[in-house]
Amino acid sequence: MTRACVLTAGLPPDAAAWLGRRLGGVDVRAARNGQEAVDALAGGPWSLLIVDDALREPAAPEVVGAARDRLGNRLPVVYCLGPTAGGDLTRWLVRRAGVQRLLFHPLDRDELARAAASCLDLPPAPSGGEEAPAAARREPARAALAALWERSREAVLERVAVLEAAVDALVDGRLDERQRREAECEAHKLVGAAGTFGFPGGSALAAELEQLLAGPTAGDGPARAAGQVAALRCELEAAPAGTAGAEGGHVDASCCWWSTPTPVSSCGCRPKPPQGACGCRASLTWPPRERPSAAAPTRRWST
Amino acid sequence: MPTKRILLVDDEEDIRQVVKLSLQLVGGWDVVTAGSGSEGVAAALARLPDVILLDVMMPDLDGPATLRRLQSQPATRDIPVILLTAKAQAADRRRFAELGVAGVITKPFDPMELPGQVAETLGWQR
């Protein structure tokens, strides 16, 4: 059996060695900056890439894009988001770059080890005294979750319908306070439910809608909300991440969302463009229109 | 070792079902659920769980108010409480920490990882 090789980029110096010990038998190597990571990717083969948002020269999203350009979707990626990361970056990572797992700072090492083990199809990395039987229970749990999603899907989509009605009213300038509060509440519930059912991008969209609906909406806010709610429906109507029907584990239905916040078809849903027609597949440069904040995020590492 | 008993208090049926499934099938624990803060307090008194997972935003009696009721009852004041919340901003976390909870788990969560998160928060061996 080939030994799994993990490339970490931007993690604290001791993290790679620690992760190697925790995963046992896995070769974990560390890149100190973006260029080292890009060079290392060329010299693979790698089983997993773990990237920290604090990575620079080039920045972490660009390294992920380079990995995708070079290796396609074969290489699982775990991305550690900084505390200032926005929803646009999150969407790009999940939808366009096909990142398998998002972790959040302050990083929990055990959570990182579990995410890596999961991506490598290894038994769960032990945490203190955690033992293997939990791994044996996962497959029945996954099957039960998939069945639960099928039963819950309609109710979840009804929540999206509440949001769609509110956003329609918002666009038409007739959103009253009662409807706004109801929609804000439904968006909040979707933040928790979507990602839990395997739609992390849906959670990110719902969080933005919740925020947008929480306060006064002006300028391009209504148009942005219309695009977000259409993308949310497209996302939730696809197969959840990690299931047989998912496209690489993630949805690409709203791949033009970035550059087209306004156009929505009469049915309220943005039509899915033919693959490559919008150029999304041709380039994974982050981001298509503007760069994230140049300020380096604060990195914290909890134990 | 006796099986742990977990009480989940959340007004959302979807989340209750996912958490129950996760903690039972992956964690191997007994799970009791309640759909409101008042039901949760009653269930805690009746079942005396090993830990309570408590949603923050619920109609009527929200998570912090439910927590205060639990802390006011001698029978339940020492049961560890973990908050479940989609409010993950640093200010929210600081506010929650001041409530005297054992931990905070952010929604959305990975159902496969949830039992591990609970065990780690409480220092349980699994």
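Over which residues of chain A does pLDDT stay under 50, and how many contacts beyond four places in sequence does the model have for them? I looked this up before anything else, as the model is a predicted one. The stretch is residues 128-132 of chain A, with 10 contacts beyond four places in sequence. I also noted residues 244-303 of chain A, where the pLDDT is below 50 and the model has 104 contacts beyond near neighbours in sequence. Where pLDDT is low, the predicted coordinates should not be read in detail. I therefore leave the details of such stretches alone.

**Entry: confidence**

I checked the averages next. Chain A has a mean pLDDT of 74, and 71% of its residues score at least 70. For chain B the mean pLDDT is 90, and 96% of the residues reach 70 or more. I wrote down the scores of the model as well: ipTM is 0.84 and pTM is 0.59.

**Entry: the two chains**

I listed 10 helices and 7 strands for chain A. Chain A has 303 residues, and 47% of them count as buried. Among its contacts with a separation of 6 or more, 62% are between residues 24 or more positions apart.

Chain B has 5 helices and 5 strands. Reading along its sequence, I get the pattern β-α-β-α-β-α-β-α-β-α. Of its 126 residues, 42% count as buried. Residues 24 or more positions apart make up 59% of the chain B contacts with a separation of 6 or more.

**Entry: where the chains touch**

I counted 28 residues from chain A and 24 residues from chain B in the contact. On the chain A side, helix 5 (109-119), helix 7 (138-171), helix 8 (177-196) and helix 9 (200-214) each give two or more residues. Helix 7 of chain A supplies the largest share of that side, 9 residues. By class, the chain A side has 12 nonpolar, 9 polar and 7 charged residues.

I then followed helix 7 of chain A to its partner. How do helix 7 of chain A and helix 1 of chain B pack? Helix 1 of chain B covers residues 13-26, and the two axes are 10 Å apart at an angle of about 175°. Angles over 145 degrees count as roughly antiparallel, so helix 7 of chain A is roughly antiparallel to helix 1 of chain B. From helix 7 of chain A the contact includes A:Ala141, A:Leu145, A:Leu148 and A:Ser152. From helix 1 of chain B it includes B:Asp14, B:Val18, B:Leu21 and B:Leu25. This helix pair has 11 nonpolar, 3 polar and 2 charged residues in contact.

**Entry: cores**

The largest nonpolar core has 62 residues. Those with the most contacts inside it are A:Ala206, A:Leu209, A:Val229, B:Ile52 and B:Leu53. I looked up A:Val229: beyond four places in sequence, A:Val229 is in contact with A:Val160, A:Leu163, A:Glu164, A:Val167 and A:Leu209. Another core, of 47 residues, lies apart from the largest one and has A:Leu11, A:Leu23, A:Ala31 and A:Ala97 among its members. In soluble globular proteins, nonpolar side chains tend to be buried together.

I also checked A:Ala161, which is in helix 7 of chain A. A:Ala161 has 13 other C-beta atoms within 10 Å, so it is partly exposed. A:Glu186 is 25 residues from A:Ala161 in sequence, and their C-alpha atoms are 9.7 Å apart.

A cis peptide bond, with omega about -10°, joins A:Glu57 and A:Pro58. A:Pro58 is in the loop between strand 3 and helix 3 (60-71) of chain A. A:Glu57 is not a glycine, yet has a positive phi of about 60°. A:Glu57 counts as partly exposed, with 13 C-beta neighbours inside 10 Å.

In chain B, a cis peptide bond joins B:Lys107 and B:Pro108, with omega about 0°. B:Pro108 lies in the loop between strand 5 (103-106) and helix 5 of chain B. Just after helix 5 of chain B, B:Gly123 has a positive phi of about 70°.

Is B:Asp60 buried or exposed? B:Asp60 is exposed, because 10 other C-beta atoms lie within 10 Å and 12 or fewer count as exposed. B:Asp60 is in the loop between strand 3 (51-55) and helix 3 (63-72) of chain B. B:Asp60 has a positive phi of about 65°, although it is not a glycine.

Technical notes. Residues numbered from 1 in each chain as written. Chains lettered and ligands numbered in written order. Predicted model: local features only at pLDDT ≥ 70, side-chain atom pairs only at ≥ 80, totals over all residues. Contact = placed C-beta atoms within 7 Å. Helix = DSSP H or I, 4+ residues; strand = E, 2+ residues; numbered from the N terminus. Nonpolar A, V, L, I, M, F, W, Y, C, P; charged D, E, K, R; others polar. Core = buried A, V, L, I, M, F, W, Y, C linked by C-beta atoms within 7 Å. Buried ≥ 20, exposed ≤ 12 C-beta atoms within 10 Å, placed from the backbone. Axes fitted to C-alpha atoms, helices over the stretch in contact; angles between N-to-C directions. Parallel < 35°, antiparallel > 145°, perpendicular 65-115°, else oblique. pLDDT = per-residue confidence, 0-100.
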